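This report describes a ligand site, a helix and a loop in turn. The sequence and structure are shown first.

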Amino acid sequence: MKLVVGNQKTYLNRPEVVDFINKTKNGNCENAIICASFPYLDLYLEESKYIVGAQNVSVKGNGASTGEISAEQLNSLGVSYTIVGHSERRQDNHETSDMFYDKITNLLKYDIRPIFCVGESLEQRENHVEKDIVGKQIMEVFDKLDKESIEKIIIAYEPVWAIGTGKVPTNDEIDDMTSYIKDLVQDKYEKRLLVLYGGSVNQKNIDELNQIEVVDGYLIGGASTKADEFMYIMSKCEK
Ligand code: PGA
């Protein structure tokens, strides 16, 4: 079985979310988490069978942070996972490893499991420094965490150049990076973590990707917003 995590970003408006929930109602969601936009968290929690995650959390606790959502607020809704470190937030919102550390510690205080994203740019891969980059992204955060915190984290390897582009690394490249991440965390922090792959996962490539044994599941953007396609991917990952 592979874990399927949908990252619906800001793709859907409310009627489209209602439609997605209705159309996927009869699918087997046991291995699926939907990371919804904040306004739809309640809807997913009340109307669907999905495990529900958020796409972001405040670096601070409850208090004077206009426009933010705190870990305590997410927990009080029933959210159990949250994405941290997505490349879109690294790029568009200039988020840093210090901020990811704060977000992760806030989430763990409220029993929410972080899905921590890492990945290299195309230029970094072409210069063969992808492992240095991914290793650094992990260590800058993990070095400050204790082992009990680390073991609750799920890592998502998402090469920036594969997100939303239709380009996917070869199975060997994904296998190689996933093994590198697992071994690094095992060697340095003595924990064996779940590692997901993300970046242009869709119904056409899911069979091939499923051949990579070391990968524990997927973080899926665009294809997680289309009911039929997402149902198909879930069905391919349930065994
Ligand atoms: P994509 O996005 O599946 O649309 O490439 C993945 C992600 O950003 O998590």
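## Ligand site

An oxygen atom of the ligand lies 2.9 Å from a polar backbone atom of G222. The protein covers 96% of the 280 Å² of accessible area that the ligand has on its own (Shrake-Rupley method, 1.4 Å probe; for residues, only the protein chains shown count as cover).

The ligand is surrounded by 13 residues, the closest being K9, H86, E158, G164 and S200 (a residue is near a molecule if one of its heavy atoms lies within 4 Å of it). By class, this shell holds 4 nonpolar, 7 polar and 2 charged residues (Ala, Val, Leu, Ile, Met, Phe, Trp, Tyr, Cys and Pro count as nonpolar, Asp, Glu, Lys and Arg as charged, and the others, Gly among them, as polar).

## Basis of the model

This is a predicted model, in which local features need pLDDT of at least 70 and side-chain atom pairs pLDDT 80 or more, while totals for chains, interfaces and linings use all residues. Residues are numbered from 1 along each chain as its sequence is written, and side-chain values use heavy atoms, with hydrogens and water left out.

## Helix 1

Helix 1 spans residues 14–24, and its residues V17, F20, I21 and T24 are buried (under 20% relative accessible area, 1.4 Å probe, protein chains only; helices are DSSP runs of H or I with at least four residues, strands runs of E with at least two, numbered from the N terminus). These four cover an arc of only 95 degrees around the axis and therefore lie on the same side of helix 1 (the arc is that of the directions from the helix axis to the C-beta atoms). An α-helix has 3.6 residues a turn, so residues three or four places apart point the same way.

The buried residues of helix 1 pack against strand 2 (32–36), helix 2 (41–47) and helix 11 (227–237) (contact means heavy atoms within 4.5 Å).

Q55 is found in the loop between strand 3 and helix 3 and counts as buried because its relative accessibility is 18%. A polar atom of its side chain lies 3.1 Å from the backbone oxygen of K9, and the side chain of Q55 reaches the backbone oxygen of C35 at 3.0 Å.

N56 lies in the loop between strand 3 (51–54) and helix 3 (71–77), and at 10% relative accessibility N56 counts as buried. The side chain of N56 makes a polar contact with the side chain of K103 at 2.6 Å (a pair of N or O atoms within 3.5 Å; within protein, one must be able to donate a hydrogen and the other to accept it, and residues adjacent in sequence count only if both atoms are side-chain atoms).

Conventions. Buried < 20%, exposed > 50% of the residue type's maximum accessible area, 1.4 Å probe, protein only.
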